[in-house]
Amino acid sequence: MATTGSSSRVQRITDRKERRKELQRLLTQPIVASESQRQRDIELARISEMPGIRFKPRELYRLMQRFGLSDTHAKISRADFRQFVIEDLDVDDLFIIDSIWRVIDNSKVNAVELVDFARHLSTMLKGTYEELLRFCFKVYDLSGSERTITRDNARLLLKYALQSEMEELDADGGDSTLNFLLDLTFKKLTSGGDATQVTFAQYERAVREEPLLMECFGQVLPFPEVVDSLLQELATP
């Protein structure tokens, strides 16, 4: 199981160089704008000063280039978002990606405006400890209650997060391993208490004691080297 996981990680690192070349090509392409440059600059400056936004106007424009947005009010589709998370954030769990989208797409129209995307990307790339903690919890809370992560939802998350490892085991072995990991994780999060759900208070306490538990149900956040690389790309004139 470790060999498969390591090979997959090495392959992602190798592929990242090619993806960066493609990203650089996209970032140098001019945008066919439906708003004047002055209008765009004013709007990007306004967005950059909004609560939760941690990008400069130039970085926001680079994001517009990345998605080929014609103006600051154009929307990012779910398909383009998924591609961005896989290629630029190096997060490839589709189940998790769809849950991240659920957190971002408050309007539930399968498209988000630049400002909403930038706000959540700011959290993922530059968020404080508390912001990252709450963001991961929201992603794991598949019911959207913002109060608890149920055992059934946690099992689904772990199943998809460990999909490649599960495929190497037979059906019974896979279920046994999954249930063992689920029991172990819940015991750590709840301190041996209620085994049917995890509250935010329990999750917060457990993560403060053991930081690696922040992403205990699957990778939500990009690795530090990926964050540094993307921020460097966005900051490049």
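Mentor: Helices (H or I, at least four residues) and strands (E, at least two) are DSSP runs, numbered from the N terminus. With that rule, the protein has 12 helices and four strands. This is a predicted model, where local features need pLDDT of at least 70, side-chain atom pairs count only at pLDDT 80 or more, and totals for chains, interfaces and linings use all residues. Residues are numbered from 1 along each chain as its sequence is written, and side-chain values use heavy atoms, with hydrogens and water left out.

Trainee: Thanks! What makes α2 roughly perpendicular to α3?

Mentor: The axes of α2 (residues 37-48) and α3 (residues 57-67) come within 8 Å and cross at roughly 110°. Axes are lines fitted to C-alpha atoms, for helices over the stretch in contact, and angles run from 0 to 180 degrees between N-to-C directions. Angles under 35 degrees count as roughly parallel, over 145 as roughly antiparallel, 65 to 115 as roughly perpendicular and the rest as oblique. The angle of roughly 110° therefore makes α2 roughly perpendicular to α3.

Trainee: Which residues of α2 and α3 make the contact?

Mentor: Contact means heavy atoms within 4.5 Å. On the α2 side you will find Arg-40, Leu-44, Ala-45, Ile-47 and Ser-48, and on the α3 side Pro-57, Leu-60, Tyr-61 and Met-64.

Trainee: How many of them are nonpolar, polar and charged?

Mentor: Seven are nonpolar, one is polar and one is charged. Here Ala, Val, Leu, Ile, Met, Phe, Trp, Tyr, Cys and Pro count as nonpolar, Asp, Glu, Lys and Arg as charged, and the others, Gly among them, as polar.

Trainee: Why is α3 called largely enclosed by the rest of the structure?

Mentor: Buried means under 20% relative accessible area, exposed over 50%, and partly exposed in between (1.4 Å probe, protein chains only). Nine of the 11 residues of α3 are buried, so the helix is largely enclosed. Among them are Leu-60, Tyr-61, Met-64 and Phe-67.

Trainee: Is Asp-90 buried or exposed?

Mentor: Asp-90 has a relative accessible area of 2%, so it is buried. This residue lies in the loop between α4 (78-88) and α5 (94-104), and its phi is positive, about 60°, although it is not a glycine.

Trainee: And what is the relative accessible area of Asn-110?

Mentor: For Asn-110 the value is 42%, so this residue is called partly exposed. Asn-110 sits in the loop between α5 and β2 (111-113), and its phi is also positive, near 60°.
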